[in-house]
Amino acid sequence: MGTARLYAAVAGSGFRRYATYRVATAAGVFTNTVFGLILAYLFIALWDVKPHLGGYDEAQALSYVWLSQALLMVVAMMGGGFEDELIERIRTGDIAIDLYRPADLQMWWLAQDVGRALFHLLGRGVVPLLFGALVFDLALPSDPLTWLAFLVAVALGVVVGFSIRYLVALSAFWLLDGAGVAQLTSIAGIFCSGMLLPLNVFPGALGEVVRTLPWSALIQAPVDVLLGTADPLGTYVTQGAWALGLLAAGRLVQSVATRRVVVQGG
Amino acid sequence: MADSAERGTRAVAAPVREAARAADALPFERQGAYERLRDGLRAYRLISAMWIRSTMAYRASFAMTAFGNFAATALDFVAILLMFSRVDRLGGYSLPEVALLYGLSGTAFGLADLGLGSMDRLGRRVRDGTFDTLLVRPVPVIAQVAADRFALRRLGRITQGLLVLGYALVVLDIHWTPLKVLVIPMALLSGAAIFSAVFVAGAAFQFVAQDASEVQNSFTYGGNTLLQYPPTVFSKDLLRGVTFVLPLAFVNWLPALYVLGRPYPLDLPTWVAFTPPLVAACCCVPAGFAWRAGLRAYRSTGS
């Protein structure tokens, strides 16, 4: 029970930390709304030409726009979460102190990132979605169970997003400067998560490939659960498999990396 | 990257001193507008040259980030390509026509971003108190803020915009006239000036709302994204807003539609396609006033 309370406290501190920046949050909500508007008009033009593009009708496509704007910061596929700090600690060697602490490194940062994600869901997710629902005709379900199923998928997406960025941060053990890897991962994240366009609009083999990559768990999967275009249980299995696989990979890399730190003499 | 930037900070004093010596000839307040502009540009050149030297200390890192900048902006165009793999026309426009809009806006924005893209760091400097150091130097503050961490890697964005523009100009079947040829470079330069005015006004806003740089982003990056698509995609109200209130439509829509021989969705005479330089001038003046007002209203954090 003690460890659960510890990680809950860490998550709480992550939440409070981001909740401090109120003006920045308001500004971010404004940005999400502006980009949501631009994309919404664009999608209307697209679905006007091809009414059932990617298997969505227009209302579903518009819901996709506003849900993706709401989830953008929650899953942090563009970076900007804990990883900058972790990279800095690896670079400066402060990581050695963290490794001595009686808490698991990966779980510690995961708890912090969950707190951050929860804040961004409330702080930057709700308002743009409400704005979109007021201005456009969205296909949002009224059944609370569907929303609950959606939140489970979001939570799994947050864990997948975390585990990708954890691996990015660990690359700093070898590269010392994580900026290049972080940039490449964020480019891949924007492209493969469905941020630019729903993944089921991607043509042919490219579409099949991006839908099998882990980034599809970040935005495409939760949105499809909410819109009822994907089976929740099947989605959870895929998301969960990616989450477990990537977390395990993170552990493996971490143990290799820490052995390296010891060899170097810390 | 962060590392090279930190090391560069220590070297900043020398170019700033040099720029200050040039300004020392006359007391700052008594300088005319011309002298101040000359000093400002000189300071800008020296400080940005210093940041370029600092970046070039890590050439591999520079090459990587410049490529990353190129690739990240190219994704926008890849998204357009993906859309056109499923539809033939978007808002009634073909792919090369959209590419012309994209190339003009992307290049103009890239130029403004290269020159003034660092201005969204102003809020951070106000917050952490380092803005005060800029005030005590006898060098125009705006030149220091604009050249702060000058990032040559932003050439990646310009390159990408020019490539798409080149593709559009080659593929499009335009009946060229001397006026149409003239409109293209005019649009690029005026567009860069309009975006620059937005950058400066956004920075002025950050004196008031210190950690609201995202608001600035929604007008700069958001405006650029908006202009990459045909105006027919958007609602009339939105078009009126970006034509008459924040005149982004003059960056590329109006000149490009003249070149393409298409009407603008709002009822405007043809000659407005030639007004972007005028509009750019009209944007820069209030932006300059906003900057001065912001600077005058600035109260140090005292920390």
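**The interface of chain A and chain B**

In this predicted model, 33 residues of chain A are in contact with 37 residues of chain B. Between them the two chains bury about 2900 Å², and carbon and sulfur atoms give 75% of this area. On the side of chain B, the three residues B:Leu75, B:Leu82 and B:Arg86 supply 22% of the area buried against chain A, more than any other three residues.

Polar links across the interface can also be listed. Five residue pairs, both at pLDDT 80 or more, are in polar contact there. Helix 4 (59-86) and helix 11 (213-227) of chain B each supply at least two residues of the side that touches chain A. Helix 4 of chain B gives the most to that side, with 15 residues. The count of salt bridges between the two chains is one. That salt bridge joins A:Arg124 to B:Glu214, with the closest N and O atoms 3.0 Å apart.

**Salt bridges within the chains**

Over all chains, the structure holds 16 salt bridges.

| Residue pair | Closest N to O distance |
|---|---|
| A:Asp113 and A:Arg116 | 2.7 Å |
| B:Asp113 and B:Arg154 | 3.6 Å |

An α-helix has 3.6 residues a turn, so residues three or four places apart point the same way. A:Asp113 counts as buried because its relative accessibility is 1%, and A:Arg116 is likewise buried at 1% relative accessibility.

In chain B, B:Asp113 forms a salt bridge with B:Arg154. This pair links distant parts of the chain, 41 residues apart: B:Asp113 belongs to helix 5, and B:Arg154 to the loop between helix 8 (141-147) and helix 9 (155-171). B:Asp113 has a relative accessibility of 3% and so counts as buried. B:Arg154 is buried as well, with a relative accessible area of 12%.

Elsewhere, in chain A, salt bridges that share partners join A:Glu83, A:Asp113, A:Arg116 and A:Arg165 into one network.

Helix 13 of chain B (residues 253-260) is mostly covered, as eight of its eight residues are buried. Among them are B:Trp253, B:Pro255 and B:Tyr258. The buried residues of this helix pack against helix 5 (95-116), helix 10 (178-208), helix 11, helix 12 (236-245) and helix 14 (276-297) of chain B. B:Gly261 follows helix 13 of chain B and has a positive phi, near 70°.

In chain A, A:Ser68 is found in helix 3 (residues 58-75). A:Ser68 is buried because its relative accessible area is 2%, under the limit of 20%. Apart from its neighbours within four places in sequence, A:Ser68 is in contact with A:Met195 and A:Ile219.

A:Leu118, by contrast, counts as partly exposed, at 46% relative accessibility. A:Leu118 is found in helix 6 (residues 105-135) of chain A. Together with A:Leu122, A:Val126, A:Val127 and A:Leu130, A:Leu118 makes a nonpolar surface patch of about 440 Å².

Technical notes. Residues are numbered from 1 along each chain as its sequence is written. Chains are lettered from A and ligands numbered from 1 in the order in which they are written. This is a predicted model: local features need pLDDT of at least 70, side-chain atom pairs count only at pLDDT 80 or more; totals for chains, interfaces and linings use all residues. Side-chain values use heavy atoms; hydrogens and water are left out. Patches are made of residues with over 30% relative accessible area and no salt bridge: like charges are joined within 9 Å, nonpolar side chains (Val, Leu, Ile, Met, Phe, Trp, Tyr) within 5 Å. Accessible areas come from the Shrake-Rupley method with a 1.4 Å probe; for residues, only the protein chains shown count as cover. A salt bridge is a side-chain nitrogen of Lys or Arg within 4 Å of a carboxyl oxygen of Asp or Glu. Helices (H or I, at least four residues) and strands (E, at least two) are DSSP runs, numbered from the N terminus. Buried means under 20% relative accessible area, exposed over 50%, partly exposed in between (1.4 Å probe, protein chains only). Contact means heavy atoms within 4.5 Å. Buried area is the accessible area (1.4 Å probe) that two parts lose on being put together, summed over both. A polar contact is a pair of N or O atoms within 3.5 Å; within protein, one must be able to donate a hydrogen and the other to accept it, and residues adjacent in sequence count only if both atoms are side-chain atoms.
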